[in-house]
Structure formats: C-alpha cells, structure tokens
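Have the picture open as you read.

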Amino acid sequence: MRQIKENISVLPLLSLALVISILAFLYKGISYLLIGSSIPFLIGLIMLALIVYGYNHRNRRSRRIFRFWGWMLVFWGTVRLLMELMFILTSITEEHIQNQFTIGQKLLSISFILIGIFIIRKAQFYREVSV
Amino acid sequence: MKLKLLLLISICAFSQIHGQNASLVKEQQLFIGMLSGKYQTPNGEYILARGSAEEREMAKELLVDQIADIGLEPKVHSYRMPNLNPFIDLLFSPFKGANVYAVLPATTESNEYVVLGAHYDSEVECPGAIDNATGSALIFSVVKHLKSSKNRSKNVILVFFDQEEEELVGSRAYAKFLKGKDWDIHSVHTFDMVGWDGDGNKEMELELPTPYLEDVYQNKADELGIPLYVTSITSTDHHSFRQLGFPAIGVNEAYGKRDSSPYKDTPEDTYETVNFDYLAGSTLYVLEVMKEILK
C-alpha cells in the first residue's frame with residue numbers, strides 16, 4: 001500500500017490516467033455483468049489486477065504492464081474509429097450500430113487513444129523513477 | 001318454402017360474416033394506417049417508420065394507448081441486452097428498447113399463459129406496413145375479440161416486440177423475462193408479415209410448430225379451407241422462445257414459397273400494398289385457433 005501511495009505521488013498524472021481508464025472499463029464490465037454478459041467484467045478485472053501488481057512492484061514488468069494497457073486503449077479507440085469508417089462505406093442502416101457512432105462516442109474513442117498514448121509515454125518515466 | 005327459408009338463413013349468415021369481415025378490415029386499416037404513417041395517431045403524429053429510437057418511442061406510445069382503449073392494462077417491459085458476441089460488448093454499448101404487453105386474464109382460475117406476439121419495429125426509413133404492422137394488427141384484433149369471449153381457460157399475453165430487425169433483441173429480452181416468471185407458458189405464437197397473398201389462395205406458413213400446435217392449426221385450416229405448409233425458418237421472433245425451451249410457433253404469409261411482400265425492408269412497404277382481406281381472413285382463422293386452445 002505504501003508503495004502504491006509513493007508511486008501515485010511520484011507520477012500523479014500517469015496514475016490519474018490509469019485510474020480513469022480502468023474505472024471506465026470496470027463500469028462497462030459491471031453494466032454488462034448485470035445484463036448477463038461477463039467477458040467485459042472479467043477482462044476489466046484482469047487488467048485491474050495487473051495494474052495493481054504493477055504499482056506494487058518496482059520492476060520492468062510494471063512498465064510493460066502499463067505500456068500494454070496503453071496500447072490496448074489505443075487499439076480500442078482505433079478499432080472503434082475504423083469500424084465507423086467501415087460502416088459508413090458499407091451504408092449499414094442498423095439503428096443500434098448507428099448509435100455507437102454519435103459525436104459523443106467519437107470523442108470517447110479519441111479521448112481513449114490520447115489517454116493510451118499518454119500512458120505509453122509516461123510509463124517510461126515510471127521505470128526511471130522506480131529503479 | 002323450405003328452400004326460401006334456407007336461402008334467407010344463408011343470406012343472413014353471409015351478411016353477418018361479411019359484416020364481421022368489413023368491420024375487422026376497417027379496424028385493421030386504421031391500426032396499420034397509424035403504425036405506418038398513413039394516418040395521424042391520436043397524439044397528432046405521423047409515424048413514417050419505426051426504425052430510430054424516436055420513431056419506436058412514438059409507436060410504443062401508440063400501442064400503449066391502443067391497449068388501454070380495449071380495456072386492458074398496458075405494460076412496458078424496458079430492457080438492456082448484450083450484443084451477440086461478448087467481445088463486441090467491449091466495443092459497443094448494449095441494446096436498449098421496450099416491449100409493450102398486456103395480459104388478458106382467463107375467465108377461470110389458471111396459471112397457464114398463451115403468448116401472442118408480433119414485432120412493432122421496422123427497418124430504418126421503412127414504413128413497415130406489412131413487416132410488421134400486419135402481424136401487430138392481427139394479434140391486437142384477436143385479443144380484442146377474445147376479450148368478449150366468456151370462456152377462456154388460459155390467460156393470454158398480447159406482446160409487441162421491439163428490435164426484431166436488430167437480431168431479435170426485443171423477443172430475446174421478453175423470453176428471458178418470461179423465464180423469470182413462475183407462469184406456466186402453454187405456447188408462444190408469433191406473427192410476422194401477414195399482408196400479402198399474390199396468388200389469392202389464402203395460404204399461410206407455419207414455422208417450426210410443435211406437433212400439438214401443428215395439429216390445432218391444421219384442423220382449423222381444414223375447416224376454413226386455408227392451405228397451410230410447414231417450414232423450419234428461424235429468422236423471426238419465435239426462435240427466441242424456442243431457444244429458452246418454450247413451445248413456440250411462427251405464423252405468417254407464404255414467405256418460404258415467395259408469395260410474400262416484395263417490398264420487405266424497403267421504403268415501399270406501405271399501407272397501399274397491404275392485402276386487408278387476406279389479413280382479416282387470417283385474423284379470423286387465428287381467432288378460431290385461439291378459441292380452440294382456450295377451450
């Protein structure tokens with residue numbers, strides 16, 4: 001616990017980015033769990049466990065875990081934007097799919113790409129500070 | 001003298017049936033007209049399609065009012081459902097929608113329920129007159145007429161499903177909802193497109209009936225001179241119920257024999273293309289089937 005507190009004070013912005021992103025995925029996971037789909041929650045839980053492990057240990061693995069999470073966020077946002085492009089090109093009219101690509105959803109995808117990039121970059125410093 | 005009397009009785013019987021048919025046609029024309037943008041709803045709106053969330057909301061309000069108008073208590077079953085693939089859940093938000101239903105109670109003590117369902121949504125930018133304002137009109141009329149019957153051994157659930165056009169989401173949610181109830185579901189009958197009869201032979205299609213349901217439908221069809229055939233098509237709402245173990249059947253125009261609306265899922269699926277005589281005949285047929293089941 002002390003280790004976690006210390007790490008948060010050393011890199012507060014990285015910590016904030018990690019907390020916001022993992023909480024968002026856990027929220028999504030819980031909302032799906034309540035309606036009978038457990039995969040998003042399980043994935044969120046695994047990532048939470050890895051990130052907590054990363055904060056508790058000052059080793060190379062911690063940095064890898066954060067970078068991995070960062071890349072996952074970039075991948076998530078990029079896939080959503082690419083899917084939107086694909087749906088525009090194929091003129092799919094399904095209401096549910098159209099609802100995924102509102103301006104708000106687009107901003108969410110872009111925000112998570114930016115948060116992902118931020119985490120990847122800051123994770124480097126995490127190692128330098130920790131060693 | 002006897003011949004004259006027989007003739008008089010026949011004329012009376014004919015005019016009664018014709019009168020019943022005519023009033024049914026009128027009733028269904030209004031119902032379908034309002035659902036497909038031909039006529040204004042009592043709220044002063046034109047529902048030009050039932051694909052977007054706003055249009056489906058308008059249709060839902062109309063159905064709630066229609067159910068209340070026949071003296072039943074309308075209920076809204078709002079739901080959120082996951083996507084078909086759990087990994088898609090990671091990317092997309094869940095489906096959101098609302099089914100509208102009402103229970104017509106049995107006239108005797110019973111925990112058995114017969115479900116009559118039809119989807120009320122349409123494809124985006126399609127008026128959906130045949131697909132599926134016709135199925136909705138059919139079950140609404142059947143329940144309206146059953147209400148005046150004094151002998152109903154089972155409860156009847158009238159349900160209008162949302163989002164059939166989007167992977168049967170509404171009926172899947174409703175089947176799940178029924179699974180959570182301690183109701184004894186006797187059978188589930190869903191109707192999807194009952195407004196096209198190009199060759200004028202009144203034919204209807206039964207999709208994956210249980211042996212009991214096939215018997216009941218076949219016997220009544222034989223009595224009324226309606227040709228029937230059975231298919232194993234699963235692309236509509238009855239599939240959702242069968243998947244959860246309910247005895248189910250799908251009933252519609254001769255889709256499998258291609259005697260079915262060519263305007264399905266297009267902006268041309270309009271009120272003008274509906275064969276109202278065929279719909280009324282099919283409605284009276286289903287009414288007879290229901291009377292048999294509710295005996």
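Two residues are in contact if their C-beta atoms, placed from the backbone, lie within 7 Å. By that rule, 18 residues of chain B are in contact with 14 residues of chain A. On chain B's side, strand E1 (75-81) and helix H3 (86-91) each supply at least two residues, and H3(B) gives the largest share, five residues.

A quick word on the source. This is a predicted model: local features need pLDDT of at least 70, side-chain atom pairs count only at pLDDT 80 or more, and totals for chains, interfaces and linings use all residues. Residues are numbered from 1 along each chain as its sequence is written, while chains are lettered from A and ligands numbered from 1 in the order in which they are written.

Chain B has eight helices and eight strands; these are DSSP runs (helices H or I, at least four residues; strands E, at least two), numbered from the N terminus.

Now look at two helices of chain B that pack at an angle of about 45°, with their axes 9 Å apart:

| Helix | Residues |
|---|---|
| H4(B) | 129-147 |
| H8(B) | 276-293 |

That angle makes H4(B) oblique to H8(B). Oblique is what remains once angles under 35 degrees (roughly parallel), over 145 (roughly antiparallel) and 65 to 115 (roughly perpendicular) are taken out. Among the residues that meet here are Leu138(B) and Val142(B) in H4(B), and Val286(B) and Leu287(B) in H8(B).

Note on methods:
Axes are lines fitted to C-alpha atoms, for helices over the stretch in contact, and angles run from 0 to 180 degrees between N-to-C directions.
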